[in-house]
Amino acid sequence: MKERKLEELFLECEEETVPLRDGGKAESGWKKHSVCVSAGFSAVRHFCEKNQLQIPAFFATVFGMTLKSYTASESAFFPCVNQGKKAAVWLRIDGKETVLSEIGRCEEYLHAAVKNKDYSYEKIAGDRNLSGTVCLDLDGDSRKGPETRLMIHVITAKDTLRFECEYDAGAFSEYTVKGIARMMDNVTGEFLTKTLLGEVCLTAKEDEERILNQYDTAVPYEDKPGYRHLQDSAAKYPERTALVAVDRTLTYKELNEEANALGHVLRDNGADIESKIAVLADRNSYGYVMREGALKSGGAFMPIDPEYPEERIMYILEDSKCTLLVTTKEIMDRRKDLMAALAAAGTTVIDVTAAVREGSRENLNIEVPGDALAYVIYTSGSTG
């Protein structure tokens, strides 16, 4: 195999892909979780032999797709141990690519780390913000590094195959680790039968069954505004946990009251039935407050990635004829040029934290027709 240059392998790679804490109660100490892979090792070995692929690259690609999907990231950038060498792997996991081609691409990283010292993990980690928080052990018995908080060992013996997870319970919850292991199990089986990455199902059969049978569809459904689902839950279960996010945990009462406060502020700024309200949110609790607040005002929420280029954001606002935008102070400080452009265009920008602090916490109870617009989404194009 012809080696590509280092800058070609890691072209445009981002920082390390790490699952967020789910916000649950942090525990102390290290824990283990093991899952036996349904497909079995002989099926994986036969697949790799048939397609002339390296088994370690197969599992590294499985992990890459799992990590990308579980974190809703654009790509997966992570370290893995292979033949006693630590390799940095960066996979885009484009749905239009074939499973075989992506595994072949992964082989380049593993091959380069073993054969060429210029591709050492230490060099790449130092240049590209990779700390090794999450690591895949393809040798099955490697020790975790001092910075590692989740290490997944790929263990094979005859026909058996399992993923054994060691994790710092203060950094990752049991729920997160079990979810990652279960998805790796599922993706392993999917790789053996699917051609394109976009055809790979990320939902395990047991999860699919639970989702499909969770609700009795024969029960009559009450037609009511979308915001009432949160509001009614807050009245019935005020102290129950409604939202667990990376920054904080909110009860139904707290989430409902914060959404009310934003809804009142939006109404004061002209929001009405079917008004489009742009939501510029990071992946934290305020994204949900903004969405529910927009619905409380009677309007329709329109999520926009805060990292989009200014030109894209301005196009979305102009095309949708949206004049109200809600975001956080952190994003306003981070995107000062964008804020200046919004002000010049006459867009009203509302700081959600200020609105939550100053707005009334009483329910608005806006009468919203059942066929009113609830949300607007501009896709990236690849998902549309």
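## Basis

Residues are numbered from 1 along each chain as its sequence is written. In this predicted model, local features need pLDDT of at least 70, side-chain atom pairs count only at pLDDT 80 or more, and totals for chains, interfaces and linings use all residues, while side-chain values use heavy atoms, with hydrogens and water left out.

## Helix H3

Helix H3 covers residues 55–70; helices (H or I, at least four residues) and strands (E, at least two) are DSSP runs, numbered from the N terminus. The 16 residues of H3 reach 23 Å from the first C-alpha to the last, close to the 22 Å expected at 1.5 Å a residue. The expected span is 1.5 Å times one less than the number of residues.

Twelve of the 16 residues of H3 are buried, so the helix is largely enclosed by the rest of the structure. Buried means under 20% relative accessible area, exposed over 50%, and partly exposed in between (1.4 Å probe, protein chains only). Among the buried residues are Ala57, Thr61, Gly64 and Lys68. Just after H3, Ala72 takes a positive phi of about 55 degrees.

## Strand E4

Strand E4 (residues 134–137) is covered on both faces: Val134 and Leu136 are buried on one side, Cys135 and Asp137 on the other. In a regular strand the side chains alternate between the two faces of the sheet.

Two strands pair if DSSP finds at least two bridges between them. E4 pairs in the parallel sense with strand E2 (residues 76–82) over two bridges, and with strand E5 (residues 150–157), also in the parallel sense, over four bridges. Asp137 of E4 stands opposite Val81 and opposite His153 in E5.

## Aromatic rings

Rings of Phe, Tyr and Trp (its six-membered ring) pair if their centres lie within 6.5 Å; planes under 30 degrees apart count as stacked, over 60 as edge-to-face and the rest as tilted. By this rule the count comes to six aromatic pairs. The ring centres of Phe47 and Phe58 are 5.7 Å apart and the planes are at 65 degrees, so this pair is edge-to-face. Phe47 lies in helix H2 (residues 41–50) and Phe58 in helix H3, so the pair ties together parts that are eleven residues apart in sequence.

Phe58 also forms an edge-to-face pair with Phe59, at 5.4 Å centre to centre and 90 degrees between the planes. Phe58 has 0% relative accessibility and therefore counts as buried; Phe59, at 3%, also counts as buried. Ring pairs link Phe47, Phe58, Phe59, Phe163 and Phe191 into a cluster.
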